[in-house]
Amino acid sequence: MSEDGPTRRSRDRLTRMSKDGPARPVEERAVRRWARPDLVAVGVAFALFAVAAVAGGVLYLLGRPVHASAAPLFAHWLPHAGPGTPLALLVAVLVWWRGPELAARLSWRRLMAVSYVTSVVWTLALALIDGWQRGVAGRLTTEHEYLHEVPGVTDIPRMLSGFTTRILDFQPDSWTTHVSGHPPGALLVFVWLDRVGLSGGAWAATLVLLVSALVAVAVPETVRLLGPAGSAGRARAVVPETVRLLGPAGSAGRARAVVPFVVLFPGAVWSGVSADGLFAGVTATGVALLAHGAVRARPVSAIGGGVLLAFGCYLSYGLVLMSALAAAVVLLAWSRRRQEKEAEGGAAPATADDAVPVGPVTEAGKGVFVAVGWALVGVVPVVVAFTAAGFLWPDGYRLVIERYYQGVASARPYGYWVWADLAVLVVAAGPAAAVIVRRTARAGWAARAGWAARAGWAARAAWAARAGLAAGRGCRTPAPLASASDQVNRGSSHGDAAPHTVAWVLPLAAVAAIVAADLSGYSKAEVERIWLPFTVWLMAGAALIPPPDRRGWLAAQALVALTVNHLLLTRW
């Protein structure tokens, strides 16, 4: 039996030899060639961090301090070790050594359980480097933290109704720094914990640790849910060598690639016993539930996702920017469901008269919009409950901006922090984030034609063909246009664009949220913890890193986290 065209051409491309004699397959050489720009991207990121550190020191000497003693990080220089040091080293080595193998071999449910438990242990070990009291039990009990205000909350409805009156500083009853800088939901969490008998810093730290580790389940689960339907088998049948080099093309393969990176996420240095880690866990779970509801048509999941994402906006004002990730989930869910409909035979072949299949697109759109409607059903009660209790979110936001500039933020130069905050990402999210962002940009650019087709450009081209514009110019009559899904699936000849759509769309949404937060000027310094709900989603693009390079970048991630935690004493 003769081979079909695409299969034969793919095999020929994989076995083509160089002029100098026996050489590696073309795809393997492409992987190695594109690894060099990854090193350049990481080098540039670290150079920017070094420039920010030097600039912070120079500005201090010039009498214009940036108000961060270890700028651009908000920490103190204090080389030290602690009881968590051996455990952190052990976890880092084990995840580097066996993590990728277990991620590929374990069943999905077992993998998610192992991922969660390992994330908890890694985060706790990093916190224990600072010691039990200083790094865990006492971290949330200082005068600036939430637990400082918990004993004074004797009437929750009264606290909520009068919350905004205590936001501004220089009042006898002004809220502490963190309470005043956030909506009442954050304080309410620790008040509820106290009401059920789990009072004190140790219990609060335990809650934060357990919730923050949910990102190790939520992020890979979201990637698995939103990946293209049925792509793994096709990829293995056509280009098995590419699958070996670039990793499984199916959504499960991409999700499994994410797991080791989200477990050894350097942001765990700050998420361990910081309320922002709790915020990251809550919102990441909300995003995963929204994805489950949209892809699997589960109203309960969609409602749960709406509840958590809405509650996230009452944990931190900046979490309204999670709307970028929610929008990405809706877009990817629509794409996934449309592919499923096409696979079921609901799509007629696309022609010049019908460039984009209408049936599956319409059905998929209806299904996703129904899920969005259910998510809104979860959003509304949260908003109504806080509003009815007397807290108006817009009033709180307006007052918190005023409070922000009553403090040290008024002295922190925007001209420095607007770029120094971005430099922090190479430490807060790790050097792998620079690799992922570079590959995200490249993959998105390569797939731009397919996205344009989905937006309706193909239909316009079909209209132009019917109008005879091409023939009027003496051009050859255009061939029937492929469907939008075919155009997207063709993607890039390098193999890392369209087949990895979910791997670059989610990081791209995270980058959009980070850039918006950065330009707002309301995150001058301390972004290593403030941006945790966004930066963790950069790891959703780990599948874009070729498998031969992944262990190296995992080691770099762990090394950054361990170095920071042993050289610096992080605050908050």
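Arg98 and Glu101 are joined by a salt bridge between their side chains, with an N to O distance of 3.1 Å. The two residues stand 3 residues apart in helix H3 (residues 84-105), so about one helical turn separates them. This is a predicted model, and the structure holds 10 salt bridges.

**Salt bridges**

- A salt bridge connects the side chains of Arg166 and Asp173, with an N to O distance of 3.9 Å.
- For this pair, the relative accessible area is 23% for Arg166, which counts as partly exposed, and 36% for Asp173, which is likewise partly exposed.
- Glu221 and Arg224 form a salt bridge in which the closest N and O atoms are 2.9 Å apart.
- Both Arg224 and Glu221 belong to helix H10 (residues 215-226), where a spacing of 3 residues places them about one turn of the helix apart.
- Arg224 is partly exposed at 22% relative accessibility, whereas Glu221 has a relative accessible area of 15% and is buried, because buried means under 20%.
- A network of salt bridges links Asp276, Arg412, Glu526 and Arg529.

**Cavities**

- The structure contains 6 cavities of 30 Å³ or more, and the largest cavity has a volume of about 120 Å³.
- The lining of the largest cavity comprises 15 residues, and those nearest its centre are Ser212, Val215, Phe265, Ala268 and Ser271.
- Two or more lining residues come from each of helix H4 (108-128), helix H13 (251-263), helix H14 (268-271) and helix H15 (275-296).
- Helix H4 supplies the largest share of the lining of the largest cavity, with 3 residues.
- By residue class, the lining of the largest cavity consists of 10 nonpolar and 5 polar residues, with no charged residues.

**Helix H16**

- Helix H16 (residues 299-313) has 15 residues, and the distance from its first C-alpha to its last is 21 Å, close to the 21 Å expected at 1.5 Å a residue.
- The buried residues of H16 include the glycines Gly304, Gly305, Gly306 and Gly312.
- Ser301, Ala302, Leu309, Ala310, Phe311 and Cys313 are also among the buried residues of H16.

Technical notes: Residues numbered from 1 in each chain as written. Predicted model: local features only at pLDDT ≥ 70, side-chain atom pairs only at ≥ 80, totals over all residues. Heavy atoms only, no water. Helix = DSSP H or I, 4+ residues; strand = E, 2+ residues; numbered from the N terminus. Expected span 1.5 Å × (residues − 1). Buried < 20%, exposed > 50% of the residue type's maximum accessible area, 1.4 Å probe, protein only. 1 Å grid on protein atoms, 1.4 Å probe; cavity = no way out; pocket = protein on both sides within 12 Å on 5 of 7 lines; lining within 4 Å. Points joined across faces, edges and corners; volume = space filled by probe spheres on them. Nonpolar A, V, L, I, M, F, W, Y, C, P; charged D, E, K, R; others polar. Salt bridge = Lys/Arg side-chain N within 4 Å of Asp/Glu carboxyl O.
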